[in-house]
Amino acid sequence: MNIAFTFKNFEPSEHLRCYAERRFAKLGRFVHKAENVEMTAVLAVDKFRHKADVQLSGDGVSIAAMEQSSDMYATVDMVLDKLEVQLKKHAERMKEKRRASKAVFDSGEGFDGKDVAAPLVIVEENVEPKPMFAEEAALQLEQRDEVVLVFLNAETERVNVMYRNRQGGLGLIDPNI
């Protein structure tokens, strides 16, 4: 991780510079590819307030934190705590994203059905379809915050599925059984 320091309104001691660099370098363990990450830390003094403004960016991460106190060492520690919390949340979100994008099936040798694992059922929901027309189903789905609506089509008297597609439009599944 590349760290760039800027000091405003004061000349830093060597101990403060080493302390801040050592503390901020620990954030590299939360980032997947630390060598691609840039950190800029602006440490400033205004009368009796010591401020630290840190921005971390690169490798899909863009995080900023700002703290101030009466002691620069305490300010560095407080802004470091804030950044750690944000990076942990980011790492957890990325972990969940990878879990969700994992394939449900283990492809094995081929698709002959012998080497394929059973699908993983995450949520099971019992739904009793209500009779309605497709237009009514579309209106209900637009009003709800759901992605799928199962209903009994009043015209065909078959179970249909209305879904919201990735582009924001609606799709209808009408099986011919």
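Student: Why is Arg 158 called partly exposed?
Tutor: In this predicted model, Arg 158 has a relative accessibility of 26%, and because partly exposed covers the range between under 20% for buried and over 50% for exposed, Arg 158 counts as partly exposed.

Student: What makes the pair of Arg 158 and Asp 174 a salt bridge?
Tutor: Their side chains meet with N and O at 2.9 Å, and because the cut-off is within 4 Å, the pair qualifies as a salt bridge. Arg 158 sits in the loop between β6 and β7 (159-164), while Asp 174 belongs to the segment after β8 (170-173), so the pair ties together parts that are 16 residues apart in sequence.

Student: Is Glu 84 buried or exposed, and how do you know?
Tutor: Glu 84 has a relative accessible area of 18%, and because buried means under 20%, Glu 84 is called buried. Its salt-bridge partner is Arg 29, with the closest N and O atoms 4.0 Å apart; Arg 29, at 63%, is exposed because the cut-off for that label is over 50%.

Student: What do Arg 29 and Glu 84 tie together?
Tutor: Arg 29 lies in the loop between α1 (14-25) and β2 (38-46) and Glu 84 in helix α2 (residues 72-101), so the pair joins parts that are 55 residues apart in sequence.

Student: Where is the pLDDT below 50?
Tutor: The chain averages a pLDDT of 84, but over residues 103-111 the value is below 50. Where pLDDT is low, the predicted coordinates should not be read in detail.

Note on methods:
Residues numbered from 1 in each chain as written. Predicted model: local features only at pLDDT ≥ 70, side-chain atom pairs only at ≥ 80, totals over all residues. Heavy atoms only, no water. pLDDT = per-residue confidence, 0-100. Contact = heavy atoms within 4.5 Å. Helix = DSSP H or I, 4+ residues; strand = E, 2+ residues; numbered from the N terminus. Buried < 20%, exposed > 50% of the residue type's maximum accessible area, 1.4 Å probe, protein only.
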